[in-house]
There are 4 protein chains.
Amino acid sequence: MSGPLPLPEVVSHDIDPQMEPSRLVYTFGGAAPVASIRPGSVLSTSTLDCFAGRIRSSADKVSQVCDPRFINPQTGPFYVEGAEPGDTLAVHFVSIEPREAWGVSTTVPLFGSLTATATTALLHPALPERTWFYEIDRADRVVRYAALDTPYTADLPLDPMHGTVGVAPALGEVRSSLAPGDWGGNMDTPEMRAGVTCYLGVNVEGAMFSLGDGHARQGEGETCGVAVECAMETVLVVDLLKATPTPWPRLESDDFVMTTGSARPLEDAFRIAQLQMVRWVAELTGQTEMDAYQLVSQTSLSPVANVVDTVYTMVAKVPKSVLGTTVPMRGTHARLRSAAAAYLSSR
Amino acid sequence: MSGPLPLPEVVSHDIDPQMEPSRLVYTFGGAAPVASIRPGSVLSTSTLDCFAGRIRSSADKVSQVCDPRFINPQTGPFYVEGAEPGDTLAVHFVSIEPREAWGVSTTVPLFGSLTATATTALLHPALPERTWFYEIDRADRVVRYAALDTPYTADLPLDPMHGTVGVAPALGEVRSSLAPGDWGGNMDTPEMRAGVTCYLGVNVEGAMFSLGDGHARQGEGETCGVAVECAMETVLVVDLLKATPTPWPRLESDDFVMTTGSARPLEDAFRIAQLQMVRWVAELTGQTEMDAYQLVSQTSLSPVANVVDTVYTMVAKVPKSVLGTTVPMRGTHARLRSAAAAYLSSR
Amino acid sequence: MSGPLPLPEVVSHDIDPQMEPSRLVYTFGGAAPVASIRPGSVLSTSTLDCFAGRIRSSADKVSQVCDPRFINPQTGPFYVEGAEPGDTLAVHFVSIEPREAWGVSTTVPLFGSLTATATTALLHPALPERTWFYEIDRADRVVRYAALDTPYTADLPLDPMHGTVGVAPALGEVRSSLAPGDWGGNMDTPEMRAGVTCYLGVNVEGAMFSLGDGHARQGEGETCGVAVECAMETVLVVDLLKATPTPWPRLESDDFVMTTGSARPLEDAFRIAQLQMVRWVAELTGQTEMDAYQLVSQTSLSPVANVVDTVYTMVAKVPKSVLGTTVPMRGTHARLRSAAAAYLSSR
Amino acid sequence: MSGPLPLPEVVSHDIDPQMEPSRLVYTFGGAAPVASIRPGSVLSTSTLDCFAGRIRSSADKVSQVCDPRFINPQTGPFYVEGAEPGDTLAVHFVSIEPREAWGVSTTVPLFGSLTATATTALLHPALPERTWFYEIDRADRVVRYAALDTPYTADLPLDPMHGTVGVAPALGEVRSSLAPGDWGGNMDTPEMRAGVTCYLGVNVEGAMFSLGDGHARQGEGETCGVAVECAMETVLVVDLLKATPTPWPRLESDDFVMTTGSARPLEDAFRIAQLQMVRWVAELTGQTEMDAYQLVSQTSLSPVANVVDTVYTMVAKVPKSVLGTTVPMRGTHARLRSAAAAYLSSR
């Protein structure tokens with residue numbers, strides 16, 4: 001840790017906002033890589049919003065403007081050199097910044113957590129379809145909400161994040177970018193913000209990492225189904241842990257270790273995340289599973305990620321302060337944090 | 001708000017830790033009141049731990065020491081003068097302090113979120129039954145965890161709360177103190193801490209308020225089913241909002257309004273809490289429901305309360321900072337906070 | 001089994017259709033017995049429909065005509081002499097016959113399986129509230145359906161049953177007659193028809209048996225929430241199996257043994273019913289649980305009972321033909337069938 | 001309809017039981033067609049059992065003998081000429097017959113409905129892994145069960161069916177053959193037997209129809225996760241309804257129309273199937289949705305299909321007798337039944 005860090009290699013890959021929607025990528029798995037990345041590299045990239053930029057005013061309705069086949073385009077996939085099934089991909093978010101001074105949220109017919117859906121199939125007609133425009137003040141770090149039906153306004157903290165981060169799934173599956181699962185995908189957790197490292201188990205050669213679905217902010221649960229959606233400029237450091245399976249996506253910040261689970265019903269998402277955390281804590285602290293179960297039971301924060309996607313996502317979040325001196329994932333987070341600092345200071 | 005506040009009336013009622021378990025109260029509804037309280041009064045009381053103090057060492061197993069009919073005794077019910085169906089009972093927690101320098105957690109056969117249960121009925125034998133003793137350091141505000149199978153230890157922040165707070169249910173029902181619902185009951189949310197006001201819809205004359213199940217702390221979800229259980233000394237201010245229905249329990253702190261929902265599957269608990277929040281925010285801000293849905297979607301924190309009880313509990317938590325100058329529940333929280341301050345300064 | 005059977009004692013108890021709704025019984029537990037029954041007796045009784053007869057034409061809407069506190073009145077409770085916790089009450093349905101030549105179904109705001117409800121809490125307004133009147137042709141055994149909005153009609157087989165059959169719950173609980181659970185209650189399974197024996201675990205002295213909610217017929221699931229509701233004249237034989245716990249209600253017909261489970265989500269109702277069946281089959285056939293699991297997996301019919309009540313109910317139904325020569329529940333079904341025959345032939 | 005029916009074209013395609021497991025097809029979508037079929041043709045084919053024939057004795061354990069990537073091989077996909085998105089593929093099962101005189105069932109670690117699974121993630125170790133061999137007596141139409149741990153035996157009716165029947169999914173997805181959904185797939189319903197017509201919405205050009213997972217019989221729910229698995233010889237008639245979307249798979253027998261829904265929790269599978277049935281009945285009878293809701297509520301049978309796969313499957317089953325003279329799906333079932341008869345009489 002002494003001496004100046006070597007500058008990481010930087011790969012730049014921008015998505016073309018003018019690209020024909022049908023030519024963008026809407027799946028995890030099943031698409032050819034757009035670039036190759038060496039582990040340890042910085043990736044400087046950008047993402048379209050989930051509507052591929054088609055919603056331009058509060059008069060635009062998703063059901064009229066968007067083709068349902070072309071929702072939630074991803075940037076990628078990126079082929080990570082040397083990645084093989086059984087490895088873990090580590091992705092550290094150096095920065096996630098809205099590209100424009102606006103974001104958008106909507107209701108979408110039969111989508112969201114307080115409405116009938118295609119799955120919670122009921123006889124109700126869809127709720128009204130509405131579109132909210134937000135001003136994003138990047139200087140003041142504020143997202144400005146304005147009600148549609150009354151003059152009510154409120155300033156909300158800017159808290160940029162990616163809803164969709166993942167790799168190609170196992171078993172030869174190709175999954176829509178609307179779905180979350182053990183490959184990551186559309187987890188929609190506000191914990192996926194700058195400063196965090198995301199760990200994803202590799203299922204196919206090259207991992208085939210993609211990301212998208214930037215949110216200027218979202219509530220936990222993404223209740224109406226749509227966050228403050230915006231195009232993003234995002235910088236990541238990408239790394240590889242060889243021969244390290246990670247069954248479900250994990251996150252690490254300076255202060256917390258986090259696990260995710262994605263399933264319906266929501267208690268199964270909770271169970272997956274908690275069981276993963278119990279096993280991780282047992283491994284990190286050398287405790288038995290029953291002891292780790294006890295420690296997690298008294299210390300886990302359990303924020304909801306989404307209750308709207310094809311399956312729902314929960315996060316288990318344990319403070320590192322109760323884990324003693326243990327270093328998760330062989331110190332990857334600290335190492336990537338340093339690489340990020342080196343990159344930022346070189347700019 | 002000018003001049004010194006009048007001192008509120010103080011009612012003292014302690015539970016007798018030596019009382020025969022069969023004579024304690026284990027239900028909401030169905031029991032005769034132990035005392036009568038005038039709205040505006042301070043109630044100084046105490047509660048037994050959920051095992052009625054029967055677990056005294058890590059050698060004690062719940063299934064051997066406790067009678068399954070006599071789990072989670074409540075202090076109360078208290079008859080609140082003037083309370084009628086359609087009113088709301090407000091309960092402000094002035095202080096919640098462990099009575100002893102120890103707490104206890106256990107696993108219980110077929111109870112918890114990472115085990116087969118009577119409801120998630122599977123062919124597995126029960127997980128091992130274990131008991132963890134915690135030292136509670138009230139001066140340092142620390143709960144000391146010690147693993148059973150290895151020498152691992154960790155200091156956790158003391159964060160006392162009540163798992164069970166409620167009134168008699170509607171429809172003439174009598175419900176076990178193990179169950180949460182729209183009457184409150186065993187919600188097991190760590191948000192039920194000192195400084196918070198809890199609002200409960202009144203279903204029967206006198207409301208019949210009870211509380212119990214003190215926790216020195218718990219994780220969100222109470223994953224293993226049992227928090228750091230301890231007897232408590234608790235001071236509350238009790239108030240009444242006439243002709244104000246509250247369909248599901250709400251909480252208010254200085255910075256947040258909170259709603260709860262209790263149901264299975266867990267997404268229905270989430271839906272109840274979120275819908276209650278949307279309606280409350282609409283009412284508070286004068287927005288339409290669709291606008292309030294949008295604002296809640298971008299601002300709600302959504303911590304899990306429990307995923308272990310007869311039904312599960314979720315909390316929706318919106319910062320008052322996005323609600324403008326509105327005053328929830330006619331200023332009850334501020335008023336009870338002042339009464340609490342007057343009481344505390346008089347001691 | 002030789003010689004003519006002695007005539008069983010007959011207890012007659014009719015419910016008064018003119019009784020003031022507030023004086024009827026709407027709970028399991030919490031009410032004083034209306035009569036006492038000796039095991040082995042025939043009970044000849046009658047039940048009101050779930051609306052207490054208030055819906056008299058297709059112009060009557062439940063939300064206008066019925067007080068929500070007074071829905072689903074029960075006949076009973078009956079005190080069964082000698083019944084103690086740990087026993088099983090056996091109730092054989094000799095006959096269940098509509099008292100009138102009409103029945104009624106409705107939609108009820110925010111109730112049913114294809115609508116938002118109080119629990120699956122959504123932003124949708126309630127579905128339209130409608131009332132369908134059915135002619136019941138007791139001679140032709142037909143229930144005549146007529147659409148409200150078009151001239152469409154269809155004749156459906158008359159298949160009378162009781163939606164609600166149960167005893168007082170455990171743990172001192174008092175439960176609304178709208179709820180199903182391990183005490184029975186509002187299970188709403190069409191299997192509860194004449195010729196069937198229902199077994200219920202006894203939780204309190206005297207068992208406190210009640211029944212109601214007659215249906216001229218219903219589909220599996222009771223999808224809209226309301227069957228073809230009608231007042232019933234019902235004859236049962238009541239018996240007691242001492243020192244025989246029955247954790248969840250069971251049914252037995254000439255050809256099938258059946259178990260029930262009531263829970264949400266619906267898979268937990270399925271799991272309860274299947275696990276109860278696996279254990280029952282293991283006990284009846286002397287097989288291990290793993291072998292019984294296999295046999296049940298290949299032979300169980302699994303009809304839905306209801307997906308509309310406070311929790312949902314599933315039935316597991318295994319043909320006796322795969323159980324060899326074993327005699328379930330010590331031959332109670334055959335014995336009560338004989339008593340029923342003796343009673344019927346004496347009329 | 002007069003005169004002898006023309007003999008349908010017959011396509012024969014057998015799966016090679018010696019084929020290397022890694023070369024078989026385990027997905028819906030993502031594989032090249034094995035043959036092309038003209039609508040109206042008979043397809044005479046065969047399928048491997050879900051273990052690709054690897055389980056040969058009760059000593060074989062799935063976790064030891066099978067590669068988890070190579071479970072549930074499908075025969076196909078078949079390219080159906082002229083099939084386009086928006087069409088419906090009709091598949092009539094002429095005959096489904098076990099190829100061998102034996103079948104096999106097993107438990108599989110962390111798979112089934114009465115065990116912890118990867119999704120209902122718990123701390124329990126897996127249940128014991130066992131394998132049951134069944135003699136299939138094709139002459140007597142009997143499947144012979146023999147317990148492993150005791151001498152208990154039982155003869156069960158032979159009732160052959162396909163667990164897995166489907167087309168390529170929408171949105172460019174490729175789904176494991178272990179998953180059921182709106183494309184069909186691993187629905188595991190015993191209703192998929194000879195004499196039934198299955199309707200599947202077409203998502204991609206050519207439909208890409210596959211089938212597999214033959215069961216000599218199964219209980220409703222497939223409780224332990226594995227039916228009496230066997231290789232099958234199956235004859236189908238394949239047809240196409242142009243410009244006829246079918247959102248979820250439907251089945252039709254001589255006496256019933258059936259819809260399916262696949263989701264978790266199980267009540268959502270129920271809701272999907274019931275809503276599809278309400279809409280189908282409304283369309284067939286010219287009734288409004290509210291009237292069809294009522295008629296379905298009183299007449300639907302609601303058997304469980306599976307409670308073990310990646311999502312669960314329910315069936316709604318309404319007798320044609322209550323649908324008047326209406327002819328579902330433009331008479332396709334009757335037409336294919338005639339073609340089947342013509343084919344069989346020509347043999």
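**Exercise 1. Decide whether L266(D) is buried or exposed, and find which residues it touches.**

Step 1. In this predicted model, L266(D) is buried, with 32 other C-beta atoms within 10 Å; a residue counts as buried if 20 or more other C-beta atoms lie within 10 Å of its own, as exposed if 12 or fewer do, and as partly exposed in between, with the C-beta atoms placed from the backbone.

Step 2. L266(D) is found in helix α2 of chain D, where helices (H or I, at least four residues) and strands (E, at least two) are DSSP runs numbered from the N terminus.

Step 3. Leaving out residues up to four places away in sequence, L266(D) touches P265(C), L266(C), E267(C), F270(C), V307(D), Y312(D) and M314(D), two residues being in contact if their C-beta atoms, placed from the backbone, lie within 7 Å.

Step 4. Along the chain, L266(D) and G166(D) are 100 residues apart, and their C-alpha atoms are separated by 21 Å.

Residues are numbered from 1 along each chain as its sequence is written, while chains are lettered from A and ligands numbered from 1 in the order in which they are written. Because the model is predicted, local features need pLDDT of at least 70 and side-chain atom pairs count only at pLDDT 80 or more, whereas totals for chains, interfaces and linings use all residues.

**Exercise 2. Describe how α2(C) and α2(D) cross, and name the residues that make the contact.**

Step 1. Two packed helices are described by the angle between their axes and the distance between the axes.

Step 2. The axes of α2(C) and α2(D) come within 6 Å and cross at roughly 110 degrees; these axes are lines fitted to C-alpha atoms, for helices over the stretch in contact, and the angles run from 0 to 180 degrees between N-to-C directions.

Step 3. The helices α2(C) and α2(D) are therefore roughly perpendicular to each other, a term for angles of 65 to 115 degrees, while angles under 35 count as roughly parallel, those over 145 as roughly antiparallel and the rest as oblique.

Step 4. On the side of α2(C) the contact is made by L266(C), E267(C) and F270(C), and on the side of α2(D) by L266(D), E267(D) and F270(D).

Step 5. These residues divide into four nonpolar, no polar and two charged, where Ala, Val, Leu, Ile, Met, Phe, Trp, Tyr, Cys and Pro count as nonpolar, Asp, Glu, Lys and Arg as charged, and the others, Gly among them, as polar.

**Exercise 3. Work out how chain C meets chain D, and which rotation superposes chain C on chain D.**

Step 1. In this interface, 53 residues of chain C are in contact with 54 residues of chain D.

Step 2. On the side of chain C, the elements that give two or more residues are β10 (153-157), α2 (266-285) and α3 (289-299), and the largest share, nine residues, comes from α3(C).

Step 3. By class, that side of chain C holds 26 nonpolar, 19 polar and eight charged residues.

Step 4. Of the residues of chain C, P303(C) comes closest to the rotation axis, at 2.4 Å (C-alpha).

Step 5. The copies meet through the same surface, because 100% of the interface residues of chain C are also interface residues in chain D.

**Exercise 4. Find what chain D gives to the contact with chain A.**

Step 1. The contact takes 24 residues from chain D and 24 residues from chain A.

Step 2. In chain D, β12 (175-176), α2 (266-285) and α3 (289-299) each supply at least two residues, and α2(D) gives the largest share, four residues.

Step 3. The side of chain D that touches chain A has 11 nonpolar, six polar and seven charged residues.

**Exercise 5. Locate the cis peptide bond between R264(A) and P265(A), and describe α2(A).**

Step 1. R264(A) and P265(A) are joined by a cis peptide bond with omega about -5 degrees, and P265(A) lies in the loop between β19 (256-263) and α2 (266-285) of chain A.

Step 2. The helix α2(A) has 20 residues and reaches 28 Å from its first C-alpha to its last, close to the 28 Å expected at 1.5 Å a residue, the expected span being 1.5 Å times one less than the number of residues.

Step 3. Since 16 of the 20 residues of α2(A) are buried, this helix is largely enclosed by the rest of the structure.

Note on methods. Copies are superposed by least squares on the C-alpha atoms of residues with pLDDT of at least 70 in both.
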